[in-house]
Structure formats: C-alpha cells, structure tokens
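Thank you all for coming.

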Amino acid sequence: SSISQIILPDSVKILEDGAFSGCTFLKSAVLPESITDIAENTFGDCSVLSSIVIPEGVKSIGTNSFENCTGLLNISIPKSLTSIDIYAFYGCNINSVYYMGTEENWRNIGIGKYNNCLTLQETKIITDCKSAGYSDGYSYVVTNDNTASILRADPTIQGQHEIPESIGGYSVSSIASGAFSDTYGYITLFFPEGINSIGKSAFSNCFHIQKIVYSGTEEKWKE
C-alpha cells in the first residue's frame, strides 16, 4: 500500500492481526483511545514508520507488532500498558522511550524476549511523562516539567519551516534524537528561543538545509 499516514477515529475498537503489516510507505500513525490492544504484527515491516501515538488505555502490544520498523527512533508508552510480547520491537532502532508512568511502573511491565532495543543500557527511558499526542505534523510528548518534546517531525514538509514555540498548549523545550532525521525538504529552519535541548542526530541526513534562523541570542544558542 502507498498510504503514508493514518489517523484512526474512536469508532475503531479493534486492530486485526497484520492490519498495516508491510505498508512500506507508512510514516506516521495515530491510534484512537478506543483500542485496548495492538494486535500481532499490526505494523510489522513498516520500515519507514517513524511516528506512532499509542494512547492511554492500551494494555498490550502483541508479537511482532513493530518488528523491523527501523525508522522508529523514539516512542511514547502509556501508563496503562502491562505487557509487550515477544518480538514486538524486534529489529527496531529505538533510542528513547517516553513513559507515562513511574520508574517502578516501567519495571513492572512484562517485556518479552527479543525486544532488546527497550532493554539496552544505552536506551533512554524517560519516566513520569504527562501525555503524548500528534499535532500539525509533529508527534510529541509532554514531559514532567510540563513542556513538550518533539519526537518526530513530518518528513514531507518542503522549503522554509518554522519549528513551533508550542504544541498542544505546551511550550516546546526539546527536540528528541532523530526527530528531523532524513527530512530532505527543509531549506530554511526557524528555531524558537524556548528550545534548550537537541538530541543526538536530531537533524542527521538533512542535506538540503541551507540556513538556520534562531529567535534567541547568540549566547543562548551556544548554551
């Protein structure tokens, strides 16, 4: 399938096994709050999937759900989640997990074998996050300081692009690792003053960027 984005309505209650498996053009997906389980192989082999919003209420992530989703670098996990099945994230390259519960809650999630990208020491687990969402081409998470971190930007945006000062009513303070990677269309990027943290490889392979405009001072940019 050539579909590149899905935003499912709340009328969707169940995701069947393999619902979007092999959709090699799929880049982003927003799941509704009406579902409680992500079925087996739902997004398996969606190799360019780089943005997924998993809502509060989801309790389990099935076997092979995101297997070989190599473009998925950052992911938000709801507090409601209790189990991640074997091979659910096998073959993924996840750098950071943003979790809505506490560190103790995270340790209590049953994570099956062959989900190494979730358990490696170098994978960042950011707990006590407030919420996650998708707005105007960005997947984002609200962290425990009540500011927003951009997890992934729409890679299809062309030309000049202004990174927003706020998303979902929260000031943007950080850009996660790989958030803008492989976004070939940007020529000029406008950075708001409020950003104080940019993750590793956040702009890797952005070969067409010619100009960066920052609204703050030179001293603050150097910080």
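F20 is buried, and F43 is buried as well, where buried stands for under 20% relative accessible area, exposed for over 50% and partly exposed for what lies in between, with a 1.4 Å probe and protein chains only. Before I go on, please keep in mind that this is a predicted model, in which local features need pLDDT of at least 70 and side-chain atom pairs count only at pLDDT 80 or more, while totals for chains, interfaces and linings use all residues. Residues are numbered from 1 along each chain as its sequence is written, and side-chain values use heavy atoms, with hydrogens and water left out.

How are the rings of F20 and F43 arranged? Their centres are 5.5 Å apart and their planes at 10 degrees, so the pair is stacked; rings of Phe, Tyr and Trp (its six-membered ring) pair if their centres lie within 6.5 Å, and planes under 30 degrees apart count as stacked, over 60 as edge-to-face and the rest as tilted. The pair joins distant parts of the chain, 23 residues apart, with F20 in the loop between β1 (5–7) and β2 (28–30) and F43 in the loop between β3 (37–38) and β4 (51–53); helices (H or I, at least four residues) and strands (E, at least two) are DSSP runs, numbered from the N terminus.

The second pair I want to show is F191 with F203, whose ring centres are 5.6 Å apart and whose planes stand at 55 degrees, so this pair is tilted. F191 belongs to strand β17 (residues 186–191), whereas F203 sits in the loop between β18 (197–198) and β19 (211–214). With a relative accessible area of 4%, F191 is buried, while F203, at 21%, is partly exposed. Over the whole structure the search finds nine aromatic pairs, and ring pairs link F20, F43, F66 and F89 into a cluster.

β6 and β8 pair over four bridges, and N74 stands opposite S96 in β8.

As for charges, the search finds one salt bridge, defined as a side-chain nitrogen of Lys or Arg within 4 Å of a carboxyl oxygen of Asp or Glu. E103 and R107 form this contact at 3.4 Å, N to O, both lying in helix α1 (residues 103–107), four residues apart, and both are exposed.

Finally, the backbone: Y114, in the loop between β9 (110–111) and α2, has a positive phi near 65 degrees without being a glycine.

Key:
Pairing = 2+ DSSP bridges.
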